[in-house]
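Please keep the sequence and the structure in view while reading.

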Amino acid sequence: MIDRRTLLLRSNRALGSSLLENNLISIEDLEFANKKLLEIIQAGDFKQASILNILAFEMKKIEEAVLIDFIMENDGVGLIDLKNYDVTKGVGATLDYNMCWATWTLPFNFIDNIYFVATSYYLSLPVRKYWTLVLGENIIWYAINISSLSEALERLGNTESE
């Protein structure tokens with residue numbers, strides 16, 4: 001299986017490339033964000049290693065709402081907010097928490113052999129491939145904003161450390 005750092009790098013590179021290919025950012029923005037991302041990874045702060053965080057919140061080069069709208073319109077993906085969802089029950093308890101952070105993705109429910117998966121990195125093909133490999137083909141994907149996903153992952157992480 002792929003290691004966390006490799007998946008983190010692939011996920012971010014693929015997302016950046018997809019944003020560029022879809023004319024959501026410029027090549028200059030991507031190059032600068034990639035440099036910042038490598039600095040964050042070298043510092044070992046894997047929870048903050050997100051090209052989307054850099055582009056949307058540090059550089060203000062893409063609005064997260066625009067990206068989510070793009071995904072919903074072009075890929076038919078739904079939107080979810082996990083702020084009031086108990087991620088400590090069900091799927092969350094059996095996941096590799098570090099891989100969730102590396103891919104900005106959280107499988108949050110499992111019903112009738114179908115996984116429900118929230119991701120801020122839907123446009124990153126390595127993310128979807130990784131989770132399909134881990135969970136199987138029966139996945140319903142949802143877009144989620146970074147803050148809602150971060151909060152859910154933090155709640156999940158707090159239960160792991162107890």
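Helix H3, residues 51-58, is mostly covered, with 6 of its 8 residues buried. The model under discussion is a predicted one. The buried residues of H3 are Ile51, Leu52, Asn53, Ile54, Leu55 and Ala56. Just after the helix, Lys60 adopts a positive phi of about 55°.

A second topic is the sheet. Four strands form an open sheet in the order E1-E4-E3-E2, and their pairing is mixed. Strands E1 (78-79) and E2 (105-111) are the edge strands, each pairing on one side only. Helix H6 (residues 125-135) packs on this sheet, where it touches E2, E3 (114-119) and E4, and its direction makes about 145° with that of E4. Strands E1 and E4 (residues 139-143) run parallel and are joined by 2 bridges. Within this pair, Leu79 stands opposite Ala143 in E4.

The loop between E3 and H6 contains Ser120. Is this residue buried or exposed? Ser120 counts as buried because its relative accessibility is 5%, and buried means under 20%. Beyond residues up to four places away in sequence, Ser120 touches Leu52, Trp104, Ile144, Asn145, Ile146 and Leu149.

| Side chain | Backbone atom reached | Distance |
|---|---|---|
| Ser120 | oxygen of Ile144 | 2.9 Å |

Conventions: Residues are numbered from 1 along each chain as its sequence is written. This is a predicted model: local features need pLDDT of at least 70, side-chain atom pairs count only at pLDDT 80 or more; totals for chains, interfaces and linings use all residues. Side-chain values use heavy atoms; hydrogens and water are left out. Two strands pair if DSSP finds at least two bridges between them. Contact means heavy atoms within 4.5 Å. Axes are lines fitted to C-alpha atoms, for helices over the stretch in contact, and angles run from 0 to 180 degrees between N-to-C directions. Buried means under 20% relative accessible area, exposed over 50%, partly exposed in between (1.4 Å probe, protein chains only). A polar contact is a pair of N or O atoms within 3.5 Å; within protein, one must be able to donate a hydrogen and the other to accept it, and residues adjacent in sequence count only if both atoms are side-chain atoms.
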